[in-house]
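Here is a briefing on a single protein chain, arranged by topic for a reader who is new to structures. Please keep the model in view while reading.

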Amino acid sequence: MKLNKLFIAGAMAAVFMMNISCADDYKDLNQDPANVTKTMPEGLMTAAINTFQPTDYLVWFYNVQYFTRWDQMGTPGGGFSDDFTGMAESGGQGSQYINTLKYRNRIQNYINETGEVENNGYLAATGIMTIYLGIFDTDMYGAIPYTEACHYDDKGILTPKYETVPELYDIWITELNEFIKMLQADNLSGVSRQDAAYGCNWAKWAKLANSLKLKIAVRLYNNEPQKALAIATEAASNSAGLITDVDDGFRFAKATAYASGDADYVYGTGNGLSTIYATENVFKFMLDSKDPRIRFIYAKNSFNSKVVQSFIDNGKWDKLPRSVKANVVLDDEGNFKEWGGMGEPWVRYTALPVQYAPKVSHDAGTLPDEDFEEYWNPGTRYQIQMGDNQRSYNPWSYYSEEMRRGRVDFQLPTAMTANEDGSIDMHVIQDTDDNPLYQMYLGAGEVNLYMAEFALLNGGSFGGKTAEAWYEAGVRASVQEFDALARDNKIPYYGTNYGYDVNDKPIDLKEGEIEDMLATANVKLTGSQADKLEKVYLQLLIHFSEQCDDQFVTARRSGYPKVGSSLLPFVKFPNIELSAIPRRFVIGEPVVTDIMYDIKKAAYEVQGFKTLGTNSQGSQYNKGNAPLNTERVWQDKNAPQWGTPK
């Protein structure tokens, strides 16, 4: 059976042993697998790639609801109400780095014992992934054990010390520079089939290491701006180069096929994910910008022209979503004629308000009936009944699930029709293929936009280019990267309209669209420095739609979206103060039987985390200065309040 380059090593084991036999000529052959004792560094790197996952199932099931609720880049199902600041225990973050650190340490021990420095490429690659995950974990939880972690086997350490975030940033910058030197050495081993990311192209791994410095530098800036600029300056001049071209991005599928084992490596999680709807503010900004990424990040709503006509035929024109009706052109007989507005596919992207009244306010008589039906009663409003058959339609766009997992069955929205014999034709059209999941972890869009940010903070130029040059390259690369992700993940409507509705259009990127987008007033880098910075941050926020942690961190560190912005405003809630909105996740109270109890308590005290185990649930924290807003992680100490950039 076909195996991809990942599973050739990953499915075998990360160790291989050499059996000492009295027949030396045959010592490498016909070995009993039970006697395997020699570590394979390339296999350990493969195992690390297997487990590398900053956006795992739990992030998209739990964390994303809080990230998008707090930074207002999405609307979780159920909308915003009095529980805007509420949260439960989150998942999928805080200790992801352990999954790769254990393999990095094993490779290091092997090289120390054997002196085989030709395996340093595998060590460096695994270390780079560990630092990436360390940044991800500390974003929401602060200090972690690092230098002493995963050292029980070789050093007997059961209670590793915690390092603070500034200490970790220093350690990681030093390590990244060491890894770059390793990767630039001659005669490194490289079994390309073991590396699903870069095929053991060590020069590209070095670019990734160098680019990760920018991820650290932007997090440092609010506390130590000169140090952040120095790190970014060094990275810009480093011989390793930066990921400024789309082809160098850290974007890959872990596997394209498998013979046995966990299919999650190929397709991503088989579990359902939380539904996050688009917000009207984000969509207005993207549509005004003619941003093609709206088609790759979000799903079309269910209201194609045939479904619209079905509502007309069944006397439910008034029940269509208001945002759909606004773009329908009717003929003289009241039937669907054509799409107005921006036309297909743009008109199929509809969103929810950032805030809409909770259902209970309708029961109290303060929510208009029209709003109640639009947002809280879609089950009957957006449903067609024909005899014993019924079909419901989704009125709003949500984050495309096929960009997060490859085992999603898509059913085209179709209209039911009555046959001459009285039977109902349901017109079922499905795509049930499972597709390998491609994910983007760090690409040229992100790096170029970071450089544009530093250029603006540095007076207008940086790293030999103007802010405008970096910015345009970043926007262009971001659109191209999302187009590639949509194509590789075979999301609905990419490359096809399914042959059902002649008015349906595929969503593929078209020639000239990026230039059209860059020319819009929303996107073109003009105005004051503050105006330009806002545009850079808004582009970063959209670029991070597939990396909800980075999206949240960008909003947290920048103060954008901004209250009162004419581009993409942050909505102030009438009953919730900005200082009530959390800025990190809950940290549980350690139990006294935990052998790390004293170490954890001391680490939390150093960081100023006095309120442990608090879910910040409900309106008791809506009055401002809530613990999860005021007791911040170190990198957030001097950042602006939500919606109020400096």
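Among the contacts in the protein chain with a separation of 6 or more, 74% are between residues 24 or more positions apart. The model is a predicted one, and its protein chain holds 24 helices and 18 strands. Of the 646 residues in the protein chain, 56% are buried.

**Nonpolar cores**

- The largest nonpolar core has 90 residues, and those that touch the most other members are Ile128, Trp172, Trp202, Trp205, Leu214, Phe250 and Phe454.
- Helix H8 gives this core its largest share, which amounts to eleven residues.
- There is also a second, separate core of 69 residues, and Met286, Val354, Leu538 and Ile587 are among its members.
- When residues up to four places away in sequence are not counted, Ile128 touches Leu176, Phe179, Leu183, Trp205, Leu208, Ala209 and Leu212.

**Helix H22 and what follows it**

- Helix H22, which spans residues 548–558, is mostly covered, and eleven of its eleven residues are buried.
- These buried residues include Cys548 and Asp549 as well as Phe552, Arg556 and Arg557.
- The partners against which the buried residues of H22 pack are helix H3 (57–71), helix H5 (120–141), helix H8 (202–220), helix H18 (444–457) and helix H21 (529–543).
- Just after H22 comes Gly559, which takes a positive phi of about 85°.
- In the loop between H22 and strand E17 (562–563) lies Pro561, and the peptide bond that leads from Tyr560 to Pro561 is cis, with omega near 0°.

**How helices H2 and H5 pack**

- Two packed helices are described by the angle between their axes and the distance between the axes.
- For helix H2 (residues 41–51) and H5, that angle is about 20°, and the axes are 9 Å apart.
- Angles under 35 degrees count as roughly parallel, and H2 and H5 are therefore roughly parallel to each other.
- The crossing in which H2 passes H5 is left-handed.
- On the H2 side the contact is made by Pro41, Glu42, Met45, Ala48 and Ile49, while on the H5 side it is made by Tyr122, Ala125, Thr126 and Met129.
- Sorted by class, the residues in the contact of H2 with H5 are seven nonpolar, one polar and one charged.

**Backbone features in loops**

- Most residues other than glycine have a negative phi, and most peptide bonds are trans.
- Cys150 is not a glycine, yet it has a positive phi of about 60°, and its place is in the loop between strand E2 (144–145) and helix H6 (152–155).
- With a relative accessible area of 30%, Cys150 is partly exposed, because partly exposed covers values between the buried limit of under 20% and the exposed limit of over 50%.
- Cys200, which is likewise not a glycine, has a positive phi of about 60°, and it lies in the loop between helix H7 (165–183) and H8.
- Is Cys200 buried or exposed? Its relative accessibility is 10%, so Cys200 counts as buried.
- Glu344 and Pro345 are joined by a cis peptide bond, for which omega is about 5°, and Pro345 has its place in the loop between strand E7 (336–339) and helix H15 (359–363).

Technical notes:
Residues are numbered from 1 along each chain as its sequence is written. This is a predicted model: local features need pLDDT of at least 70, side-chain atom pairs count only at pLDDT 80 or more; totals for chains, interfaces and linings use all residues. Side-chain values use heavy atoms; hydrogens and water are left out. Buried means under 20% relative accessible area, exposed over 50%, partly exposed in between (1.4 Å probe, protein chains only). Helices (H or I, at least four residues) and strands (E, at least two) are DSSP runs, numbered from the N terminus. Contact means heavy atoms within 4.5 Å. Axes are lines fitted to C-alpha atoms, for helices over the stretch in contact, and angles run from 0 to 180 degrees between N-to-C directions. Angles under 35 degrees count as roughly parallel, over 145 as roughly antiparallel, 65 to 115 as roughly perpendicular and the rest as oblique. A crossing is left-handed if the near helix is turned anticlockwise from the far one by less than a right angle, and right-handed if clockwise. Ala, Val, Leu, Ile, Met, Phe, Trp, Tyr, Cys and Pro count as nonpolar, Asp, Glu, Lys and Arg as charged, and the others, Gly among them, as polar. A nonpolar core is a set of buried Ala, Val, Leu, Ile, Met, Phe, Trp, Tyr and Cys residues joined through side-chain atoms within 4.5 Å.
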